[in-house]
Amino acid sequence: MRCRQASASARGCVHCKDKVPTICAGKLVEYIQEKYGNPKITHVGFQPAMVEKMSKVFEMRVLDLDPDNIGKTLRGAKILGAEATNESVDWADLLVVTGSTISNDTIGRFLTDKPVIFFGTTVSGAASLMGWERFLPDGRGRQRIKSPAINSFDNGNGHPKSAAPVFFHRPRHKRGLFVYGLS
């Protein structure tokens, strides 16, 4: 499945369903172990299958904005609220972050010097444009794709190869997302 967003091609723009999230969660655990070893993880945005699989293997904290989840232990992990964000980010070796953070304007809190793996469909376009790491198995959890950097579609003058109303620019400090209109 391919989606077109802001003149870049993004993969994985359809939500997983049925047993696929559980399969993908197992693949995510394997991926993290292969690439990062045994890190302390702050997981942002409660995703039940991921939290269940990861909490059995890694020391982790889970942040969520849903008041029905905060303070409860779900799928093997205690769910913390937004007030625990700074401490949880500082504590972690690795951040596993929902793409919804781009929609609710909290993404900047997680773009730090620490490695970040994004998951979910909401961040697909931005991750592709910005070169952010995104865990994206296919529908059966078989492959991982790291998003390409913005330079892969830049025509050399700072604009995408084809005209679009907006494009994303990767800032050097990697702490924020800047959106510029084309003139």
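Start by selecting residues 41–44, which make up strand β3. Strands here are DSSP runs of E with at least two residues, helices are runs of H or I with at least four, and both are numbered from the N terminus. Both faces of β3 are covered: I41 and H43 sit on one side, T42 and V44 on the other, and all four are buried. Buried means under 20% relative accessible area, exposed means over 50%, and partly exposed is anything in between (1.4 Å probe, protein chains only). In a regular strand the side chains alternate between the two faces of the sheet.

A quick word on what's on your screen: this is a predicted model, where local features need pLDDT of at least 70 and side-chain atom pairs count only at pLDDT 80 or more, while totals for chains, interfaces and linings use all residues. Residues are numbered from 1 along each chain as its sequence is written, and side-chain values use heavy atoms, with hydrogens and water left out.

**Next stop: the sheet around β3**

Click V44 and look across to β4, where its bridge partner is L63. Now follow the chain from β3 through α2 to β4: this β-α-β crossover is right-handed. That term means that, with the strands pointing away from you, the path from the first strand over the helix to the second runs clockwise.

Four bridges join β3 to β7, and they run parallel. I41 has L94 as its bridge partner in β7.

In what order do the six strands of the open sheet lie? The order is β5-β6-β4-β3-β7-β8, with mixed pairing. β5 (73–74) and β8 stand at the edges with a single partner strand each, so one side of each has no neighbour in the sheet.

Two more pairings are worth a click. β4 and β6 are parallel, over two bridges, and V62 has I79 as its bridge partner in β6. β7 and β8 also run parallel, joined by four bridges, with V116 in β8 as the bridge partner of L95.

While you're at β8, show its side chains: V116 and F118 point one way, I117 and F119 the other, and all are buried.

**Into the core**

Select L28, I32, I41, M54, V62 and V96 together. Of the 22 residues in the largest nonpolar core, these touch the most other members. A nonpolar core is a set of buried Ala, Val, Leu, Ile, Met, Phe, Trp, Tyr and Cys residues joined through side-chain atoms within 4.5 Å. Which element gives this core its largest share? That's α1, with six residues.

Zoom in on I32. Leaving out residues up to four places away in sequence, I32 touches G37, P39, I41, M54, F58, L94, V96 and I117, where contact means heavy atoms within 4.5 Å. There's also a second, separate core of 18 residues, which includes V89, V116, V123 and W132.

**Ring spotting**

A search of the whole structure finds two aromatic pairs. Rings of Phe, Tyr and Trp (its six-membered ring) pair if their centres lie within 6.5 Å; planes under 30 degrees apart count as stacked, over 60 as edge-to-face, and the rest as tilted.

Select Y31 and F135: this pair is tilted, at 5.9 Å centre to centre and 40° between the planes. Y31 lies in helix α1 and F135 in the loop between α4 (124–130) and β9 (166–169), so the pair ties together parts 104 residues apart in sequence. Both Y31 and F135 are buried.

Now try F118 and W132. Their ring centres are 5.2 Å apart and their planes at 35°, so this pair is tilted. F118 is buried, and so is W132.

Go back to F135, whose relative accessible area is 5%. The C-alpha atoms of F135 and I117 are separated by 6.3 Å, though these residues are 18 apart along the chain.

**Last stop: two loop residues**

Most residues other than glycine have a negative phi, and most peptide bonds are trans. Select R75, in the loop between β5 and β6. R75 isn't a glycine, yet has a positive phi of about 55°. R75 is partly exposed, with a relative accessible area of 43%.

Finish at D105, in the loop between β7 and β8. D105 has a positive phi of about 60°, although it is not a glycine. Buried or exposed? At 70% relative accessibility, D105 counts as exposed.

Notes
Pairing = 2+ DSSP bridges.
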